[in-house]
Amino acid sequence: MTDHEPTAAPAQTTTNKSPWKRRVIVGAVSVGALVIAWVFAVTVIPRWWAQRIGDVIDGRLAFGSFVGVVVGLIFSLLPLLVLLAAWRFRRGWAKGWRRSLMFVVIAAMLATPNLATLGIVIGNGNAAHAGERILDVDGPGFRGGTLFGVLTGVGIGIAFAFLTWSRRKNKQAAKQLKSAMARQQEQS
């Protein structure tokens, strides 16, 4: 046995890149990914979404309106509820910006069907025009039903947010009244 045990060499932390270079590289890659995602969203998503909806509706007007209302309602109400939850748990957002970004990304993902339909309606590219033609033939009533569903979902979301806010406000007022009554009884 030897008296000398091997010791671990100190960890070398030599990096050739400075922090600002890393940020520039991450920023450039992020911008590139966003550009690719935007091109994909403009050239592929509208046509693909219209074909999926057209396959489901299959030219039936009443069913198209019903599917539009359901899609519009669900995929506008769910993102609003996620954003409402984010607002409710907003403590520490200055330090926890990743958490707030996560809530916004989840809400955007939940709103994707409505955003795809919006891209068809207001888009001016070839894919958007193809999506309009597909929905005219295979998905009649879907766009109008989606608009009605979105407006209904937003109305329900606003009503829910107002009721949540007023409930919290009334609880605080009741707590203040209880403490005032308790102080008044102590004084008498």
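I began with Trp48, which is partly exposed at a relative accessible area of 43% (buried is under 20%, exposed over 50% and partly exposed in between, with a 1.4 Å probe and protein chains only). The model is predicted: local features need pLDDT of at least 70, side-chain atom pairs pLDDT 80 or more, while totals for chains, interfaces and linings use all residues. Residues are numbered from 1 along each chain as its sequence is written, and side-chain values use heavy atoms, without hydrogens and water.

I next looked up aromatic pairs (rings of Phe, Tyr and Trp, the last by its six-membered ring, with centres within 6.5 Å; planes under 30 degrees apart are stacked, over 60 edge-to-face, the rest tilted). The count is two. The ring centres of Trp48 and Trp49 lie 6.4 Å apart with planes at 40 degrees, so this pair is tilted. Trp49 is buried, at 14% relative accessibility. The pair of Phe162 and Trp165 is also tilted, because its planes stand at 40 degrees, with centres 5.8 Å apart. I placed both residues in helix α7, three residues apart, about one turn of the helix (helices are DSSP runs of H or I, at least four residues, numbered from the N terminus). Trp165 is partly exposed, at 48%.

I then turned to charge. Arg88, Arg90, Arg167, Arg168 and Lys171 form a positive surface patch (residues with over 30% relative accessible area and no salt bridge, like charges joined within 9 Å; a salt bridge is a Lys or Arg side-chain nitrogen within 4 Å of an Asp or Glu carboxyl oxygen). Helix α7, residues 142-187, gives the most to this patch, with three residues. I found Arg88 in helix α3, residues 61-88, and partly exposed, at 45%.

Key
Patches are made of residues with over 30% relative accessible area and no salt bridge: like charges are joined within 9 Å, nonpolar side chains (Val, Leu, Ile, Met, Phe, Trp, Tyr) within 5 Å. Accessible areas come from the Shrake-Rupley method with a 1.4 Å probe; for residues, only the protein chains shown count as cover. Lys and Arg count as positive and Asp and Glu as negative; His and the chain ends are not counted. The place of a charge is taken as NZ of Lys, CZ of Arg, CG of Asp or CD of Glu. Helices (H or I, at least four residues) and strands (E, at least two) are DSSP runs, numbered from the N terminus.
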